[in-house]
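Biologist: Please show me how the features of a model such as this one are to be read, taking one kind of feature at a time.

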Amino acid sequence: MTRQFHWFFVVMFQVLGVTGCGGTAMADSTHARPGASDGRTPGWLTGETGKLRYLVDDDGNTYLGFWVETPLGVHRARPPLAISLVIDTSGSMSGDRIDNARIAALGVLERLKNGDIVSVIGFESRTTEYVEPTVVSPETRAVIASRIRELQATNGTNMYAGLELGEARLRSAPDSHPLRRVVLISDGHANEGPSDASSLGLLAARGTDHGVQVTAIGVGTGYNEEILNALAVRSSGRLYHLEEPAQMAQILEDELGILGETVAMDAWIEITPEPGTVLLGVETLGGEMRGAKAYVKLGTLVGGQRRGVLVRAKVDTRGLGTKSAARAKLVYREANSKASREERVAVTYEIVGDARRAKASASSRVSALQAVVEAARVREAAVATLNEGDYEEASADLRRASSQLSAVAAAAPKGSAERKKLERMRDDLDQAASRAASGGAGRARSEALKNNAASMDALMGN
């Protein structure tokens with residue numbers, strides 16, 4: 001058994017003994033006993049310990065899960081948007097790719113509301129600002145469209161310069177436009193200027209101080225997924241893999257549709273351990289430890305979204321009785337509001353002397369989140385295997401991951417969001433395994449990029 005699957009068996013054996021969920025903490029509440037609520041209406045933020053009960057003097061190693069679930073049907077007008085389209089115009093984008101980039105950019109223009117701000121930047125060896133930041137209006141739409149049609153593909157790929165200019169334009173957007181998004185489209189490797197994932201990721205992270213997030217779109221099979229991963233992760237943005245250039249228009253239409261459902265911005269979570277608890281690390285991509293606390297930047301939240309945050313922890317198991325594990329705080333701004341809002345939860349657990357009661361109290365929600373994270377890591381490992389051309393090994397790994405997800409899903413409550421997500425991910429893994437096995441060496445790179453995009457989405461808690 002490879003090491004990447006050892007953890008899966010641990011999770012499976014833990015979950016198969018589930019008889020109930022761990023204590024769900026309600027907004028601004030602390031449980032009188034594990035699993036109890038104070039009767040208040042739940043907010044967006046909930047949390048659970050890995051188990052409801054732990055055996056006295058156990059090692060205490062566990063996971064904490066936190067979820068932000070935004071409501072559907074919240075009818076708020078989308079905040080004014082400032083968007084910067086940063087498009088790779090290097091030589092490899094010539095032909096269908098640059099043609100489809102123009103079509104996609106024109107499609108964005110059609111979907112923007114009057115009053116939104118748009119800029120369009122091309123990057124090759126140098127940057128060209130085809131459209132300076134312009135307020136969209138009936139008078140400016142034709143001018144913007146004519147400049148978009150001038151996009152041309154030439155020379156090298158200085159992605160850093162293009163992203164830097166795009167972020168600068170959004171940083172200077174007026175306070176009236178709090179929703180700020182760079183959409184970066186590339187089909188190749190950055191090869192001029194700072195061109196490593198660390199430097200470009202740091203640049204993307206700096207933009208978040210001004211509310212700027214990056215949607216990274218990789219076209220074809222020649223782009224550097226490590227760089228686009230870093231842009232999305234460090235800015236709490238999104239990553240898309242496009243098999244065909246013609247998909248650009250639909251992806252950008254979908255992206256604007258998502259932004260149109262924005263219910264909150266500048267969201268972040270801070271998790272503080274209670275005395276006796278030690279936080280060991282954040283498993284969700286984009287999270288970090290700040291001293292003893294865990295911090296995860298979430299950015300923009302849309303209606304009906306469900307974001308999970310997984311944290312490794314060691315809890316105090318000395319003595320019998322109920323104990324507090326950690327407190328979490330969610331901070332965000334509602335759409336079209338300058339005021340920040342806070343939600344707080346506290347998660348608790350019980351120390352018992354009965355090993356069977358402890359084993360049977362595993363949280364199906366936390367176990368499901370663990371399983372999703374580990375399956376995503378298997379897909380991430382499969383990317384490297386596929387890039388090396390060993391698609392048979394990658395297919396076998398994906399199938400084993402699917403089998404383990406199936407076991408965890410079977411133990412989750414029927415009809416639960418956790419079970420549905422695990423089943424969807426299992427089915428997707430089965431399809432990925434089939435494609436990897438049947439596609440041959442010629443398809444290995446394409447399958448690697450598909451698995452990369454799926455793993456990033458899961459590891460970011462989406």
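**Reading rings, charges and a pocket**

Modeller: This is a predicted model. Let us begin with one side chain: W268 is partly exposed, its relative accessible area being 23%.

Biologist: Why does 23% put W268 in that class?

Modeller: Buried residues have under 20% relative accessible area and exposed ones over 50%, with partly exposed in between. W268, at 23%, is therefore partly exposed. Y295, at 10% relative accessibility, counts as buried.

Biologist: What arrangement do W268 and Y295 form?

Modeller: They form an aromatic pair with 5.5 Å from centre to centre and 35° between the planes, and the pair is tilted. Planes under 30 degrees apart would count as stacked and those over 60 as edge-to-face. W268 belongs to strand β10 (residues 262-273) and Y295 to strand β13 (residues 293-302), so the pair ties together parts that are 27 residues apart in sequence. Y295 also has R290 over its face, at 3.7 Å from the ring centre.

Biologist: Where else does a charged end sit over a ring?

Modeller: The charged end of R365 sits over the ring of W67, 3.9 Å from the centre of that ring.

Biologist: How many aromatic pairs does the structure hold?

Modeller: It holds three aromatic pairs. One of them joins W44 and Y332, whose ring centres are 4.4 Å apart and whose planes meet at 15°, so this pair is stacked. W44 lies in the loop between α1 (3-15) and β1 (45-49), while Y332 lies in strand β15 (residues 321-334); the pair therefore ties together parts that are 288 residues apart in sequence. Both W44 and Y332 are buried.

Biologist: How should I read contacts and burial over the protein chain?

Modeller: Consider separation in sequence for the contacts. Among contacts between residues at least 6 apart in sequence, 77% join residues at least 24 apart. The chain contains 12 helices and 16 strands. Of its 462 residues, 56% count as buried. The chain exposes about 18400 Å², of which carbon and sulfur atoms supply 48%.

Biologist: Which residues lie nearest the centre of the largest pocket?

Modeller: They are R238, A453, D457, A458 and N462, out of 32 lining residues. The volume of this pocket is about 880 Å³. Elements that give two or more residues to the lining include β9 (238-242), α7 (248-259), β14 (306-314) and α11 (417-439). β13 is also among them, and this strand holds Y295. The most comes from α12, which gives six residues to the lining.

Definitions and conventions: Residues are numbered from 1 along each chain as its sequence is written. This is a predicted model: local features need pLDDT of at least 70, side-chain atom pairs count only at pLDDT 80 or more; totals for chains, interfaces and linings use all residues. Side-chain values use heavy atoms; hydrogens and water are left out. Rings of Phe, Tyr and Trp (its six-membered ring) pair if their centres lie within 6.5 Å; planes under 30 degrees apart count as stacked, over 60 as edge-to-face and the rest as tilted. Helices (H or I, at least four residues) and strands (E, at least two) are DSSP runs, numbered from the N terminus. Buried means under 20% relative accessible area, exposed over 50%, partly exposed in between (1.4 Å probe, protein chains only). A charge sits over a ring if NZ of Lys or CZ of Arg is within 6 Å of the ring centre and within 35 degrees of the ring normal. Contact means heavy atoms within 4.5 Å. Accessible areas come from the Shrake-Rupley method with a 1.4 Å probe; for residues, only the protein chains shown count as cover. On a 1 Å grid over the protein atoms alone, a cavity is a set of points where a 1.4 Å probe fits but cannot get out, and a pocket is an open set with protein on both sides within 12 Å along at least five of seven lines; lining residues have an atom within 4 Å of a point. Grid points are joined across faces, edges and corners, and a volume is the space filled by probe spheres set on the points.
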